[in-house]
Amino acid sequence: MKRSIFKALFVIFILFGFLPAYFTLAEAKSPEKILIGHPACLSGKYAKAGEQALGGIKACIDWVNNVYGGVKLEGKKVPLKYKYYDCESKKEAVTSFIGRLITVDKVNVVFSPYSSGLTLRGAPVTESHGMLYMDHGGANNKIFRQGFRYIVQTIGPATSYHQGTLNMIHKIDPKAKKVALAYEDSEFAKMVMHGAEEHAKKLGFDIVFKRTYPKGVTDLTPLLSALKATKPDFIIGGGHFEDGQLFNRQMADLDINSNALSLIAAATLPAFYKALTNMAEGVMGPSHWEYGVKYSAKEAKKVGLDWIGPSQDEFVTLFKKGLGKEIIPDYHAAEAGAQVLAYVLAAEKANSVAPDKVRAALGDLKFMSFYGGWDVDDTGLQVGHSMVAVQWQMGKRIIVWPEEAQTGGVAYPMPTFAEKAKGKVAVPR
Amino acid sequence: MLLEQLIGNLIQGLVLGAVYGMATMGLSLIFGVLKVVNVGHGAFIMVGAFITLWLFNALGINPILAVPVAFIVGMGLGLLFYYTIMQRLIKAPELATLLVTFAIGILLEETVKLIFGSEFRGYNWAVGKINLGITVLPMTKIYACIGSVVIALLLYLWFNKTRAGSAMRSVVEDSEGARVCGVNVGGTYALSFALGLGLTVASGVLLTMFIPVGINPYMGGGYTLKAFVIAVLGGLASPYGAFFGGLIFGLIENGSYTLFALIPGVEPFALTRFLSFAMLLVILLIRPTGLLRAK
Amino acid sequence: MKKESTKYYPLIPVFAAYLVLFLIGRNVPGMWQLVAMLLFYCALGQAFNIFLGMTGYVDFGYVAFMGVGTYGMALAITKLAHIEGLGIAIIIIGFVMALFMATLLSLAVGAVALRLRGAYFAIATIGVNEGLRFFIEGARIWNGSEGLIFTAQLNQILGRETASTLMTFWADIMVLIIAVSAAFITLYYIRSKIGYALTALREDEDAAKVMGINVTKYKIIAFVTSACFAGLLGAASWALKTPYVFPPEVFEIHYTIEAIIIVLLGGSGTLLGPVVGGLIYGISKYYLSIFIPGFQLLIFAPIIIIIIVLFPEGVVGMLKNRFKDSALAQFII
């Protein structure tokens, strides 16, 4: 009895394993479409950002196919297709799926998985196949110092995350001198910290506190108590999602007040306010993109850039349709979507899908979409996209910096936690 | 100044440590009776956190009332998993039980993800704060601490005053001997497993009272590792040992930060983590029965 | 005793499996990276099995040896890149470093932690793994949490083309070599005095001691051997194939768990087990995530539970019992 169960199981495993591989092999490659391949992180530690990226890509593909009419190649309109697998946020799966995407599915471009580590893991495989590799999830600047030829970044580099916030405070409050840095101890957040530290020194701020906390931390009390003692004028820091919520919450618990608090990654997400409610009032975060940014065809004309893609509201509608869920896209979705548009423009410009030609066209490409500006330097590093500073005001995300993208004034200083507990909200001055 | 910070941190550590201790009692209880290390421990804490979140946000139920609900859910899960899975593995080598409990953990995580999504959530139960001058303690933390102590005391009484409790103790001592003396060993195993998971899920509620944000399906991993260290401090097989282990752990984790921060060129927070695992090794080697020797 | 010629028969199915994998990888387009992943899992299982399968000790912190092996290779590349004309020798130096660091760590851990048994040992090794990770981050050694990224150095030393084939092809071949040598060593140990001593130990450690077997010595031999293979595997698969090291990724305890799953699926203590386990694990995960992306863990977890409850001795263990008296028995260990 047991044995027959086992036998059946084994046969199922084998069938499951090998047959489909040959079916997919037999499928003929059609020149009638452009295929985007993506080892998406749909489960595991990056599931949250992975889902967003998936929705963003689906939304922009939908727009290109149905509104834009397809990619113009040699006088024909060619539709985009999307092939993705779940890499479980694990490196072993990333390379095996990229290998499959390139050789079995014969994709024309590979989109990177989320995080710098996984992006780097895939790079040697795409490089060896001469395959274009577009990076919307790896912010580490070092990726672009490795001599890869086919990698192009859409997400902005990590060192730039907090520069805008520092510029803003430098301008609106020249008296504020003491800044505290408290970041997660991870390659990404450390990179942000280095960028922020350098920039702060350049602007003449005093760094009164500079510490990190380990990944997966569940209690920040000791670090925050030490931070409190240095009485900073404002605090910048953060790392990922859960630690940002913890950071804000425990600052409230310990009654640590300062003029401003800016946290990377976590603070700009709707879940942040939902989890913290009033405590998040006045908290800021740098973002690559936020619902409400004022990038439009008109704006693009003003600065002399080509415009492509859906308007912001169209994007949001398509995003929801793509995922079949009522969630608002965040910047992970926008940058992944903008990457589709960058590819479309570059392929049209090159009039080809050959990776070398598209890569070269991407190097010269400069455009604007709902995501904002897009331009890369010779190494593929994103330099054309500027980040915005977002602040929670009355439960809404207001873009407060840079001035040309503002949707509202900045509330500075932010209310103290005691005031917030009594229901005070952040209002611009 | 430094001393003030140190004392402040120690107070925080003590309050947190009580909750950590309670969150480890279930692990120790299950190990003590069944000799099974529950590698999916953190996933059960996560279930407790989601119960609290859901009761509070959807139904407006006070987190304190979520404790018994979570306890009952945990008991239910415990009985379910015991009779479907664990029962068959009592005599199996460690390897099998380690892996099965891990798989149960994944199953819970993925199920919760399917229902609630992978969003990071939180709730805000505003009941004020106490300012001690050197540090500030929100009332929620104090309630969580009191709750932990009460649960630990109840468990103590149950162990020492009830028939089922003493049966359980006899199985911990010597399961064959207990069987000879007419103790229903199978039933005791089931009850301990259920009770252990009940405690663990309930501790998830208390932990969210301490840290009511960042609740998501994968939040448990960090707590599993912490629970291992704490359980070893307390002697692994003893639930009360675990409770005191938690207190010691909280004190060391919070107190050592201030001291490590004095060393230039290092990351003190990561070193506090290093210290806790170094401590684990040392204790396992020199005193495997835990800092407070079990009876 | 068995005849000399039949002594190495059990290696035939193992090597046959690797040969088939290799041929599929080379000849079926698009399969190489999948084969690379399968080889990694097989090698992981095979290396882990040397200690776990033979002694029954669960080393939960096993991934730490892979971690230090990765660092060994990474340090060799980053620290020696400026020396002209090293060429491919740098890879050899890297493997020697990996071996050295894994041996050192395993001797240190073995000397102390192997005094513990059962769950105590498992937890102690978790402590080693996590402690090491936080020590690297906290004391900021080897660039702390920022880790090391070194494709540029590899390109500089080996030239772009060589570096590229190294990362996408030769690194996987090295994994294959590691897997094959681990299989060979496993059989050698099973057939030698070490194997008999460890079998006695696994059945009843105290009795083995009383019988005068130097239990500690054999435990340490198996422990260090297993750790060395882990170090090499880390160097090949995580440093050469993945040209970066971030501490949280190389000390990720999930890999130990994967190793346990693989060994248990296949049958712990058997020679063929880890190969079968690695293949079943890798293939089923790969295709689960192709057909139902995002849900594979939800399906995988119950499968693990069912297999452990119904087939605790693993696939190869079952086959072994089944073919006990037939001619096939000499091929399956």
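Which residue just after α7(C) takes a positive phi? In this predicted model, that residue is Gly159(C), with a phi of about 85 degrees.

The buried positions are Thr151(C), Gln153(C), Leu154(C), Asn155(C), Ile157(C) and Leu158(C). Their cover includes three helices of chain C, α4 (63-80), α5 (89-113) and α8 (160-191). Strand β1 (148-149) of chain C also contributes to the cover.

Chain A is divided into two domains. Domain 1 comprises 31-156 + 293-375, and domain 2 comprises 160-287 + 387-421. Their C-alpha centres lie 30 Å apart. The contact takes 11 residues from domain 1 of chain A and 14 residues from domain 2 of chain A. On the domain 1 side, the touching residues are four nonpolar, four polar and three charged.

The largest nonpolar core holds 393 residues. The members that touch the most others are Val19(B), Leu99(B), Leu39(C), Ala43(C), Val175(C) and Leu233(C). Helix α3 (residues 32-55) of chain C gives the most to this core, with 18 residues. Both domains of chain A also give residues to the core, so it lies between them. In soluble globular proteins, nonpolar side chains tend to be buried together.

Val175(C) illustrates the packing within chain C. Beyond its neighbours within four places in sequence, Val175(C) is in contact with Leu39(C), Phe40(C) and Ala43(C), and also with Leu233(C), Ala236(C) and Ser237(C).

How values were computed: Residues numbered from 1 in each chain as written. Chains lettered and ligands numbered in written order. Predicted model: local features only at pLDDT ≥ 70, side-chain atom pairs only at ≥ 80, totals over all residues. Domains from an automatic or database assignment. Contact = placed C-beta atoms within 7 Å. Nonpolar A, V, L, I, M, F, W, Y, C, P; charged D, E, K, R; others polar. Core = buried A, V, L, I, M, F, W, Y, C linked by C-beta atoms within 7 Å. Buried ≥ 20, exposed ≤ 12 C-beta atoms within 10 Å, placed from the backbone. Helix = DSSP H or I, 4+ residues; strand = E, 2+ residues; numbered from the N terminus.
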